[in-house]
Amino acid sequence: MRLPSAWAPQALLSAADKPKVAILRDEGSNSDREMTSAFYSVGFEPWDISMTDLLDGRITLDGFRGLAAVGGFSYADVPESAKGWAATIQFNDTLKTMFANFYNRHDTFSLGVCNGCQLFGLLGWVPWQG
C-alpha cells in the first residue's frame with residue numbers, strides 16, 4: 001500500500017539532512033521492511049541494523065535520532081521470547097553502554113513493536129527507567 005504524498009511534504013522527503021532511524025532486528029524478527037517503508041514515507045532516513053552489526057562493531061547508535069525495534073518471533077513464538085534479544089544487550093558491556101547512552105540522550109526516541117516492545121520492557125525502558 002502506498003501512502004498518500006500528503007502525509008509527508010515533498011520537501012521533507014527530498015531533504016538532504018533527514019533524521020536517521022535505526023531499524024533494529026534480531027534472529028527471528030520480521031516486519032523490518034515495513035518499518036523501514038513507514039519511516040521513509042514520513043521523511044526519515046531508515047537504516048537496517050542487525051544485532052550482529054552492533055556486536056561486530058560495524059556501526060553504533062551514536063548517529064541515530066530514533067531506534068525502532070521490530071516485531072516477530074525472536075528466539076521462539078512464546079511469551080517473553082525477547083529475553084534472548086535483551087540478554088545479548090544486558091550481558092555485553094559495550095552494547096549495554098551503547099543502549100544506555102542512546103536512551104539517556106535528550107534528542108532521541110524509541111519505538112518497539114511486538115518483540116521490540118518486549119525488548120524495551122526487559123531493558124527497563126517501558127514505561128521508563130526508574
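Where is the place of Pro127?

Reply: Pro127 is in the segment after helix 6 (115-122). Helices here are DSSP runs of H or I with at least four residues, strands are runs of E with at least two, and both are numbered from the N terminus. The peptide bond that leads from Val126 to Pro127 is cis, and its omega is near 5°.

A note on the source: this is a predicted model, in which local features need pLDDT of at least 70 and side-chain atom pairs count only at pLDDT 80 or more, while totals for chains, interfaces and linings use all residues. Residues are numbered from 1 along each chain as its sequence is written, and side-chain values use heavy atoms, with hydrogens and water left out.

Cys114 counts as partly exposed because its relative accessibility is 47%; buried means under 20% relative accessible area, exposed means over 50%, and partly exposed is in between (1.4 Å probe, protein chains only).

Ser31 also has a positive phi, about 70°, although it is not a glycine. Its loop runs between strand 1 (20-25) and helix 2 (32-41). With a relative accessible area of 37%, Ser31 is partly exposed.

Phe64 is another loop residue, placed between helix 3 (51-55) and strand 3 (66-69). Its relative accessibility is 3%, so Phe64 counts as buried. If neighbours within four places in sequence are left aside, the residues in contact with Phe64 (heavy atoms within 4.5 Å) include Lys20, Val21, Trp47 and Phe102. Lys20 is 44 residues away from Phe64 in sequence, yet their C-alpha atoms are 4.9 Å apart in space.

Now the whole chain. The protein has six helices and four strands, in the order α-β-α-β-α-β-α-α-β-α along the sequence. Its radius of gyration is 15 Å, close to the 14 Å that the globule rule gives for 130 residues, so the protein is as compact as a globular protein of that length. That radius is taken over C-alpha atoms, and the rule is 2.2 Å times the number of residues to the power 0.38. Along its principal axes the C-alpha trace spans about 45 × 30 × 30 Å. Of the 130 residues, 35% are buried. Among contacts between residues at least 6 apart in sequence, 77% join residues at least 24 apart.
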